[in-house]
Amino acid sequence: MKIAITTSSFARYSDEPLKLLEQAGVEYVMNDKGRALTEEEAIQILEGCHGVAAGTEPLTKKVMDALPDLKVISRCGTGMDNVDRAYAAEKGIEVRNTPDGPTLAVAELTLGLILTLLRQVPHQDRELRSGVWKKRMGNLLHGKNVGIVGFGKIGQAVAHLLEPFGVNVGYHDPFADVPGYTRLELDDLMGWADVITLHCPKTENGAPLLDLGRLSLMRPGSIILNIARGGLIDEKALLGLLTAGHLAGAALDCFTKEPYDGPLKEMDNVILTPHIGSYAKEARIIMETDTIKNLLDVLFPGA
């Protein structure tokens with residue numbers, strides 16, 4: 001039995017997930033590229049494999065058709081946008097993910113970025129390092145309206161972390177109805193919130209969920225965060241509204257094209273991070289362990 005591990009940083013902080021494979025007598029190969037794989041690279045590394053501990057590489061019809069031995073895809077993370085799940089079902093390939101591991105890591109990062117934006121910390125840090133001693137007035141989180149787009153495990157974890165700050169939490173999610181929080185249509189949420197934070201999947205057609213029209217509905221002086229999926233925000237429209245001063249700031253952890261190398265890098269009121277939502281050691285170990293357990297559950301049913 002053989003599997004491939006395609007996520008580029010697997011087992012960096014604990015070898016326990018690899019020990020699970022060794023104990024089960026499973027051979028494994030790993031991604032040595034240090035980045036997400038292309039379709040062709042995925043086909044090459046997965047040749048002869050019965051399972052994959054998957055990162056964000058495209059697991060498309062083309063890839064699956066080239067891999068007749070593949071029985072299970074276990075995504076190390078929550079997002080499944082890179083997996084053609086419908087075709088996997090046709091092929092009898094089981095698809096799983098690890099929804100619990102990254103939840104708190106993403107939620108904590110979101111809270112940290114909200115506070116950092118409101119107090120203009122990155123801008124003042126850069127100014128001080130360049131020799132400018134200038135105190136910029138920030139804002140409290142207390143009393144703000146926080147709009148959460150996507151109210152699954154991560155969205156609700158963000159809401160729980162926000163509770164001690166005395167904020168008003170509203171959310172938009174067509175699949176959730178959670179008592180105790182205000183549920184709004186997306187356009188209404190955009191105009192109601194002082195802070196918008198995204199924790200939802202990509203749209204079905206891949207178009208931005210928040211285009212210029214929707215972003216323009218946001219309150220003057222509000223802030224926006226995307227700690228979910230690249231492509232959810234029209235980055236050109238976001239740049240325009242930030243430049244015009246309509247929006248006070250933004251924090252992006254994911255981008256339409258990664259690695260990101262665009263004009264938002266020049267904005268002092270924008271925080272950019274390289275898709276690190278789940279990158280807390282404790283969360284990463286849980287995700288990787290759950291990923292391997294998912295593989296073994298399918299490959300050795302009843303073991």
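Helix 5 gives the largest share of the lining of the second largest pocket, three residues, where helices (H or I, at least four residues) and strands (E, at least two) are DSSP runs numbered from the N terminus. This is a predicted model, in which local features need pLDDT of at least 70 and side-chain atom pairs count only at pLDDT 80 or more, while totals for chains, interfaces and linings use all residues. Residues are numbered from 1 along each chain as its sequence is written, and side-chain values use heavy atoms, with hydrogens and water left out.

The pocket is lined by 21 residues, of which Leu117, Leu118, Ile223, Ala248 and Gly249 lie nearest its centre. A pocket here is an open set of points on a 1 Å grid over the protein atoms alone where a 1.4 Å probe fits, with protein on both sides within 12 Å along at least five of seven lines, and lining residues have an atom within 4 Å of a point.

In helix 6, Pro122, His123 and Glu127 are buried, that is, under 20% relative accessible area with a 1.4 Å probe and protein chains only. Seen down the axis of helix 6, these buried residues fall within an arc of 135 degrees, taken from the directions from the axis to the C-beta atoms, so they line one face of the helix. They pack against helix 5 and strand 12, contact meaning heavy atoms within 4.5 Å. Just after helix 6, Gly131 takes a positive phi of about 95 degrees.

Conventions: Buried means under 20% relative accessible area, exposed over 50%, partly exposed in between (1.4 Å probe, protein chains only).
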